[in-house]
Amino acid sequence: MNGCSHLQHFMREEEGLKTYELLHGVFVISGSDERRQAKVINAFCHVCDKRDFFLHVCMHCTFFGCSQHIREHTKNKKHTFSMDISYGQVHCSQCGDYIYDEQLDSIARANALQGDSVKKFVLELVWPRLHVEDKDWCNKTEKMVIDKTTHIGLRGLLNLGSTCFMNCVVQAMTHTPVLRDYFFTEHHQCGGKCLITNLFRDFYTGEKTPLVLNEFLHLIWTQARHLAGYEQQDAHEFFIATLDVFHRHCSATLPAQPNSSANKVYRCSCIIDQVFTGSLQSDVVCQKCNGVSTTIDPMWDYSLDLIPSVTDGSLPSSLEDCLERFTGAEILGSNSKIFCESCQSYQESTKQFTMRTLPVVLCFHLKRFQHLNDLEKKVSTKIKFPELLDMTPFMTKQKNDTILHLQLPYDNKYMLFAVINHVGTSINAGHYISYIRYQDRFWYKCDDLIISEAGIDEVLQSEGYLLFYHKYCLEYR
Amino acid sequence: MSQKYYEDTVNSKLENKHAVERVSELVRVRLVECGWRDQVRLACRKLSEENDGFNNFDELIAVVTPTARAMVPDSVKRELLHELELILSNIDKLPSKK
């Protein structure tokens, strides 16, 4: 994208880039007090005083114009370029249309990251677009019709001797929409045959025979020694180990990143972090001086207790209950005093977790396996979980929003797409099965190599051990 | 005081309290959620075919805007009005930008 010849000339002869950077930074981003003031004072049409959303600024003189008058101005004064102050798009009056240039885009991006806190917070929330080259898609010649009768993407998995825990985790991950789409496109380049990419592709060859995942199992064993061996393992532990192996592999094969700004300290740009990593805010409030000490940590999954409440001994009955307890304020008793910086002494305090940012995929782990004094007990408490989950009540409240009832981010809806259940009464024996959502409306039960249709009611009535939710509305910027 | 002074003051206050960003972010999210953005995309394509293609952006805007405006659901409009009311009536109590 190189704009037009007029733009090239403008950039070469008239310091076009500097002009754009300045105008964009002041009037589109307005990242500082002075700039905001400048914008408010200047942003109105010089001809008709209108302050509409289509305001443009001339890039050759100090003229501001509304939709009608800016076009007149650039034509009459022969000032070629104008910039819209809502989005920073550049219009060339000689070409008669908006033009797009890579250099201008990168200036705009760089400016955006210097913006103020609200704008930056909003920018962080949006799923970064995977730059799929359109021509790649056009050149694909194989086509397939997907209708109600196709089962592409569903394959059974052979049990290699108590490997049902692995089979369930693989079913859930290969049916994670965003992750699956990423490994389909050729974004992941690690030079040579990649086990992970092939795993995704094997599921979608259209064949119906069960897959044998001996190579995959071997990969996890060598990378996560603590899980090696043919005994039954905990599906949750296996899931975390798998994420870790994928993460290490994907971040190792990323191209070298230029020193990125403080925005992304808690997650790297590998696909695993982009999809699974959210952040958890922990606030410790000193009971004496009410001073708050805040830390923010990255999270891949949320382990929820199923223990009786300390206040009234009741057990949680739904996922929302569990989340309420998870994000509720916990009084740290006199045995666990925290050192308060402002009081300079140990004080009693309350601790509270809230979700600061949510990942694209949320994984909830219901702690059904308890190890109490050498006894291993399975907690079979019935926990109701919804198909559509709204995480808004559990989000960190931004300081600005105590008056307004709506908090940023405004959209926190998640849709269930996979459930892993443990069948049986004991931890060491028992079996894992999974339910996965297929083509949006259908659910299938995956019991090693047996894949069978299941209704949504069956899924929602099941016990639930690992629950996978996917962000409902994804948008690209 | 002139109309212009009045407008400048109001705008200044709105800018300083993040109001414009909050409201535009809210509207953007709701419009994506309800499928309006995708509907407008489809409408652009349809109207482009009917029009024998658009010569430039200004033409596209002129043709598509009335249709797009009509497709905005009432619930989004109501929510927007409600938020604006809340912001404007509490404008002095809101914390200022840092």
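Q: Why are Arg28(B) and Glu25(B) said to be about one helical turn apart?
A: Both belong to helix H2 (residues 19-33) of chain B and are three residues apart, which means about one helical turn lies between them. Helices here are DSSP runs of H or I with at least four residues, strands are runs of E with at least two, and both are numbered from the N terminus. An α-helix has 3.6 residues a turn, so residues three or four places apart point the same way.

Q: What kind of model is this, and which residues count?
A: This is a predicted model, in which local features need pLDDT of at least 70 and side-chain atom pairs count only at pLDDT 80 or more, while totals for chains, interfaces and linings use all residues. Side-chain values use heavy atoms, leaving out hydrogens and water; residues are numbered from 1 along each chain as its sequence is written, and chains are lettered from A and ligands numbered from 1 in the order in which they are written.

Q: What makes the pair Arg28(B) and Glu25(B) a salt bridge?
A: The term needs a side-chain nitrogen of Lys or Arg within 4 Å of a carboxyl oxygen of Asp or Glu. The closest N and O atoms of Arg28(B) and Glu25(B) are 2.7 Å apart, so the pair qualifies.

Q: Are these two partners buried or exposed, and how do you know?
A: Buried means under 20% relative accessible area, exposed means over 50%, and partly exposed is in between (1.4 Å probe, protein chains only). Arg28(B) has 19% and Glu25(B) has 10%, so both count as buried.

Q: Which label do Asp38(B) and Arg41(B) get, and why?
A: Asp38(B) stands at 45% and Arg41(B) at 48%, so each one counts as partly exposed. They too sit three residues apart, about one turn, in helix H3 of chain B. Elsewhere, shared partners link the salt bridges of Lys413(A), Arg30(B), Glu33(B) and Glu79(B) into one network.

Q: How do you know that the buried residues of helix H1 (residues 5-13) of chain A line one face?
A: The buried residues are Leu7(A), Phe10(A) and Met11(A). Seen down the axis of H1(A), they fall within an arc of 95°, so they line one face of the helix. That arc is taken from the directions running from the helix axis to the C-beta atoms.

Q: What lies on the face of H1(A) turned away from the buried side?
A: There you find the exposed residues Ser5(A), Arg12(A) and Glu13(A). The side chains of Glu13(A) and Arg12(A) also meet in a salt bridge, at 3.8 Å from N to O.

Q: What covers the buried side of H1(A)?
A: The cover includes helix H2 (16-29), strand S3, strand S5 (97-99) and helix H5 (102-113) of chain A. Contact means heavy atoms within 4.5 Å.

Q: What makes the buried residues of helix H9 (residues 177-184) of chain A a one-sided group?
A: They are Val178(A), Leu179(A), Tyr182(A) and Phe183(A). Their arc around the axis is only 125°, which puts them on the same side of H9(A).

Q: Why is Thr277(A) called buried?
A: Its relative accessible area is 2%, so Thr277(A) counts as buried. Thr277(A) sits in the loop between helix H13 and strand S6 (278-286) of chain A.

Q: How do you know that Thr277(A) makes polar contacts?
A: A polar contact is a pair of N or O atoms within 3.5 Å; within protein, one must be able to donate a hydrogen and the other to accept it, and residues adjacent in sequence count only if both atoms are side-chain atoms. The side chain of Thr277(A) reaches the side chain of Asp273(A) at 2.6 Å and that of Trp300(A) at 2.9 Å.
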